[in-house]
Amino acid sequence: MTPKELGYYFPAEWEQHEATWLSYPHNQDSWPSKIETIVPSYNLFIKTLTEVETVHINVQDDTMEFLVKAALHAAGAFMVNLEFHQFPTNDAWCRDHGPAFLLNRKEPGRRAIVNWNYNAWGGKYPADLDDKIPTLIAECMGMKTFHPGIVMEGGSVDFNGVGDVLTTTSCLLNPNRNPQLTQADIERYLCDYYGLDNIIWLGDGIDGDDTDGHVDDLSRFVSPDTIVTAVESNKDDSNYEPLQQNLATLNRCRLANGKQPTVVELPMPSPVYYEGQRLPASYANFYIANGLVIFPTYKCDNDTRAAYILEECFRDREIVGIDSTDIIWGLGSFHCLSQQMPSQLAM
C-alpha cells in the first residue's frame with residue numbers, strides 16, 4: 001500500500017514541530033572565500049530556533065561537534081535544546097537532502113519518513129553523503145521509511161497540509177532528475193507519497209537559482225487557502241516576467257476543495273550580486289518555526305515591506321528577520337538550510 005493509502009500525509013510547515021533538523025555548513029566550495037562570513041547569521045538562526053524548539057544538527061566528526069558547540073554557546077543558544085549527530089554530509093542544504101517527515105491521519109501519533117533519492121539538483125555537485133542522511137535519521141529516530149526510488153527535493157515542493165502542493169515544471173520535469181517519468185508519473189508519486197489530492201504547477205524559478213526553480217524561492221502556503229508569491233516590480237529585471245507568469249497561474253488555480261486561493265504578493269529584494277554573479281535572493285525563503293517565522297533580509301528597503309506582509313500573514317507568530325546577504329552566496333537561505341520534524345501531537 002502507498003503512504004497515502006495507509007493514512008500518511010506531509011503536514012503544513014506551520015503545524016507544531018518537535019524539532020528542526022540542520023546540517024552545519026562546512027563545504028568551502030559552497031561559499032568560496034566567504035564561508036566564515038555566514039557563521040554569525042547562521043548561528044543566530046540556530047539560537048533563535050533553540051528558543052522555541054529542539055534543533056538537531058548534523059556534523060562531520062568529533063572535532064566539528066566540539067567547535068560548533070563552542071560557537072553556539074558563545075552565540076547564546078539554548079544548549080539544552082541542541083542535539084548533535086555525527087552524520088557526515090556533502091553540504092548544508094538539509095531541506096533537500098533531509099528526510100520528508102509524514103504524519104498519519106488514521107493513527108494519530110504515528111510518523112514515518114519518505115527517503116527520496118537525492119542527486120544534488122541534477123548531478124551538479126557531489127551527493128554521496130547527503131543521499132544517506134534520511135536513512136541515518138530514520139535509524140536514529142526509529143521511524144518507518146518509505147523508498148519511492150526517484151529523485152525529489154524538499155525545496156521543490158510546498159504544502160498546505162490539506163491535500164495541496166505547490167511545485168514547478170522547471171524543476172520536477174527537468175530531465176536531470178527523473179528522465180524516465182512523465183508529468184503524470186510524477187504527479188502520481190507526489191500524491192501517493194505525500195498524501196496529496198491536488199498539484200499546482202508553476203513555471204520558472206528566479207535568476208541565479210542553481211536548483212532549476214525551487215518553489216521555496218517563489219511561492220509559499222501561509223495557511224490552507226492563502227499563498228504568498230514573490231513579484232518583481234522592475235519590468236527590466238530578469239525576474240519580472242517569470243514571476244508575473246507564476247502570479248497569473250496562482251490567480252486562476254483552484255485548491256483541492258475547489259476554491260480559489262487568496263494570493264498575497266511579496267516583493268523581491270533589490271538584486272544581490274557577488275563577484276558579478278546574480279544571487280537568488282528572495283523573501284519567500286522563510287522558515288516557519290514554533291511561534292516564529294524567520295525570514296532572510298538583504299540590507300534593502302524592501303526588507304521592511306516584506307516583514308509587514310509576513311506579519312499580516314502570520315498574526316499569531318513573531319516575524320524575525322536575519323541578514324542573509326552573505327548566506328545567499330551559497331545560493332540558498334534559511335528554508336533551504338532547514339527541515340522540520342512535526343510533533344506526534346500535530347494535526
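Modeller: A residue counts as buried when its relative accessible area is under 20%, and as exposed when that area is over 50%. The model discussed here is predicted.

Colleague: Why does W121 count as buried?

Modeller: The relative accessibility of W121 is 5%. The cut-off for buried is under 20%. Since 5% is under 20%, W121 is buried. W121 belongs to helix α4, residues 120–123.

Colleague: What makes the phi of W121 worth a remark?

Modeller: Most residues other than glycine have a negative phi. W121 is not a glycine, yet its phi is positive, at about 60°. E275 is also not a glycine and has a positive phi, of about 50°.

Colleague: Is E275 buried or exposed, and how do you know?

Modeller: The relative accessible area of E275 is 62%. Exposed means over 50%, so E275 is exposed. E275 sits in the loop between β14 (273–274) and β15 (277–278).

Colleague: Which residues does H214 touch?

Modeller: Leaving out residues up to four places away in sequence, H214 touches D96, W121, E153, G155, S156, C171, R177 and D209. H214 itself is in the loop between β10 (198–202) and β11 (219–223).

Colleague: What makes the pair of H214 and E153 a polar contact?

Modeller: A polar contact needs a pair of N or O atoms within 3.5 Å, one able to donate a hydrogen and the other to accept it. The side chains of H214 and E153 come to 2.6 Å, which is within that limit, and the pair is counted as a polar contact.

Colleague: Why is H214 called buried?

Modeller: H214 has a relative accessible area of 1%. That value is under 20%, so H214 is buried.

Colleague: Where is T89 found, and how do you know whether T89 is buried or exposed?

Modeller: T89 is in the loop between β4 (82–85) and α3 (94–97). The relative accessibility of T89 is 1%, and under 20% counts as buried. T89 is therefore buried.

Colleague: What does the side chain of T89 reach?

Modeller: The side chain of T89 reaches the backbone oxygen of D91, at 3.1 Å. Apart from neighbours within four places in sequence, the contacts of T89 include S23, H26, N58, Q60 and H97.

Colleague: Why is S333 called buried?

Modeller: The relative accessible area of S333 is 1%. S333 is in the loop between β18 (318–323) and α10 (334–337).

Colleague: With which side chain does the side chain of S333 make a polar contact?

Modeller: The partner is the side chain of S324, at 2.8 Å. That is within the limit of 3.5 Å. Beyond its neighbours within four places in sequence, S333 is in contact with residues including W93, N285 and Y298. The C-alpha atom of S333 is 8.6 Å from that of S282, and these two residues are 51 residues apart along the chain.

Colleague: Is V228 buried or exposed, and where is its place?

Modeller: V228 is in strand β12, residues 226–231. Its relative accessible area is 0%. This is under 20%, so V228 is buried. Among the residues in contact with V228 are L218, V264, F286 and C313. D326 is 98 residues from V228 in sequence and 24 Å away in space, C-alpha to C-alpha.

Colleague: Why is N178 called buried?

Modeller: N178 has a relative accessible area of 6%, which is under 20%, so N178 is buried. Its loop runs between α6 (169–172) and α7 (183–194). Not counting residues up to four places away in sequence, N178 touches I150 and V151.

Colleague: How do you know that the radius of gyration of the protein chain agrees with a compact globule?

Modeller: For 347 residues, a compact globule would have a radius of gyration near 20 Å. The protein chain has 19 Å, which agrees. Buried residues make up 61% of its 347 residues.

Colleague: How many helices and strands does the protein chain have?

Modeller: The protein chain has 10 helices and 19 strands. Of its contacts with a separation of 6 or more, 77% join residues 24 or more positions apart.

Methods: Residues numbered from 1 in each chain as written. Predicted model: local features only at pLDDT ≥ 70, side-chain atom pairs only at ≥ 80, totals over all residues. Heavy atoms only, no water. Helix = DSSP H or I, 4+ residues; strand = E, 2+ residues; numbered from the N terminus. Buried < 20%, exposed > 50% of the residue type's maximum accessible area, 1.4 Å probe, protein only. Contact = heavy atoms within 4.5 Å. Rg over C-alpha atoms; globule rule 2.2 N^0.38 Å.
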